[in-house]
Amino acid sequence: NFGKPDYQAHAEEFEMLAKGAGAEVVATVVAKRDKPDAAYFIGSGKLEEAVQLAQSSDVDIILFDQALSPAQQRNLERAFNLRVVDRVALILDIFALRAKSHEGKLQVELAQLQHLMTRLTRMWTHLERQRGGIGMRGPGEAQLEMDKRMIGDKVKVLRERLSKVERQRTTQRRSRARGGTMSVSLVGYTNAGKSTLFNALTRAGAYAADQLFATLDTTTRRIWIEGAGQVVVSDTVGFIRDLPTTLIAAFKATLEETVQADLLLHVIDASSPQREEQILEVNKVLEEIGAKDIPCILVYNKIDAVGYEPKIERNEEGRIVRVFVSALDRTGLDGLRGAIAEAKEIIGNNVASLKN
Ligand code: GDP
């Protein structure tokens, strides 16, 4: 963590990420440096400490909360004599584990191949420089070129399939909009409780777990709310700090669902000491995907964990801006439903026309 004062919180979040990938965390080492070491990312003292720790405990894998260069990864694997996985590969791994829908799986595979491709290219330049080209050309080079071409072909096929799936989804969305149904999207930081709230609102048994990325694919359900009528609720992929840009691009289709919503419910973990930072992070992503002008209600979840009572807060114009709930205890949900109904009235009953 280069000069970041809140490294403890980041370390905890990274542990949660690791658990999300199915790892059991044996030990965490925090390294503080001004800039990464070119060969090993961390300094020699820290490396020695970590290697000793790994040897004295029953460790199978080393995870880094940063992106490593292929060379750093290789050097570290040699030093530890263990597999080393960086943050980007770890997140990809979790995505692969969590992808449920056809589209989600395609997106993950595409992101993985693209990640692999950049590694191959970098590995290639690295080798090129090292050997000076003379007397070293041969099977290695040809193999790399072939790998690259094969991956390139696969990427093309995946892209075509994805755009087909996206077209189908757009058609579905249009027919929904014609019906004048309001669409509501749950957004928020990972682990804020979106899946739990989604289930509480729709009373369905979708998967909620104490892991990041329990929600990878957008799940959509139709519910009926007193005063609002038919409402389509979507649960979206959880946002996370420093999401690799390659992944943001790959998951744009999932996030696009969010951009189309009439109303956003920004779910916040009220019990997290990092909640302010997380709110900003989510707002940043919303701005990036062009969703910042969509009407939004802040839903402070997990009030049971901090001993708050359910309540509703309005701004000076009387509009509801904050709703306090516990998705787990299912308290404050009537208030939230009421807030959705009020929002629908403000947005206007003819929601479909607002989108064009
Ligand atoms: P998501 O990543 O935003 O979809 O979060 P989940 O719905 O998977 O919830 C993450 C964790 O928070 C799970 O362990 C939930 O049981 C827990 N959780 C969700 N809502 C509440 C709540 O209202 N109170 C408490 N105490 N825990 C909650």
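Me: Which residue just after helix 1 takes a positive phi?

Reply: That is G22, with a phi of about 95°. Keep in mind that this is a predicted model.

Me: What span does helix 1 reach from its first C-alpha to its last?

Reply: Helix 1 covers residues 7–20, which is 14 residues, and reaches 20 Å. That is close to the 20 Å expected at 1.5 Å a residue.

Me: Which residues of helix 1 are buried?

Reply: Start with the general idea. An α-helix has 3.6 residues a turn, so residues three or four places apart point the same way. Now the case here. The buried residues of helix 1 are A9, H10, A11, E13, F14, L17, A18 and G20.

Me: Let me try two helices together. At what angle do the axes of helix 2 and helix 3 cross?

Reply: Two packed helices are described by the angle between their axes and the distance between the axes. Helix 2 (residues 44–56) and helix 3 (residues 70–80) have axes that cross at roughly 50° and come within 10 Å.

Me: How many of the nine residues of helix 7 are buried?

Reply: Eight of the nine are buried, and helix 7 (residues 194–202) is mostly covered. The buried ones are K194, S195, L197, F198, N199, A200, L201 and T202. R203 follows helix 7 and has a positive phi, near 50°.

Me: Next, rings. How many aromatic pairs does a search of the whole structure find?

Reply: Three. A pair of aromatic rings is described by the distance of the centres and the angle of the planes. Take F41 and F64. Their ring centres are 6.1 Å apart and their planes stand at 85°, so the pair is edge-to-face. The cut-off for that label is an angle over 60 degrees.

Me: Where in the chain do F41 and F64 sit?

Reply: F41 is in the loop between helix 1 and helix 2. F64 is in the loop between strand 1 (61–63) and helix 3. They are 23 residues apart, and the pair links distant parts of the chain. Both F41 and F64 are buried.

Me: What are the centre distance and plane angle for Y308 and F324?

Reply: The centres are 6.1 Å apart, with 65° between the planes, and this pair is edge-to-face. Y308 lies in the loop between helix 11 (303–306) and strand 8 (311–314). F324 belongs to strand 9 (residues 320–324), 16 residues from Y308. Y300, Y308 and F324 form one aromatic cluster.

Me: Is Y308 buried or partly exposed?

Reply: Y308 is partly exposed, with a relative accessible area of 39%. F324 has 7% relative accessibility, so F324 counts as buried. The reasoning needs one cut-off: buried means under 20%.

Me: What about G307, is it buried or exposed?

Reply: G307 has 58% relative accessibility and counts as exposed. G307 is in the loop between helix 11 and strand 8. The C-alpha atoms of G307 and S271 are separated by 9.4 Å, and these residues are 36 apart along the chain.

Me: Last, the whole chain. How many helices and strands are there?

Reply: There are 13 helices and nine strands. Buried residues make up 45% of the 356 residues. Among contacts with a separation of 6 or more, 68% join residues 24 or more positions apart.

Notes
Residues are numbered from 1 along each chain as its sequence is written. This is a predicted model: local features need pLDDT of at least 70, side-chain atom pairs count only at pLDDT 80 or more; totals for chains, interfaces and linings use all residues. Side-chain values use heavy atoms; hydrogens and water are left out. Axes are lines fitted to C-alpha atoms, for helices over the stretch in contact, and angles run from 0 to 180 degrees between N-to-C directions. Helices (H or I, at least four residues) and strands (E, at least two) are DSSP runs, numbered from the N terminus. The expected span of a helix is 1.5 Å times one less than its number of residues. Buried means under 20% relative accessible area, exposed over 50%, partly exposed in between (1.4 Å probe, protein chains only). Rings of Phe, Tyr and Trp (its six-membered ring) pair if their centres lie within 6.5 Å; planes under 30 degrees apart count as stacked, over 60 as edge-to-face and the rest as tilted. Contact means heavy atoms within 4.5 Å.
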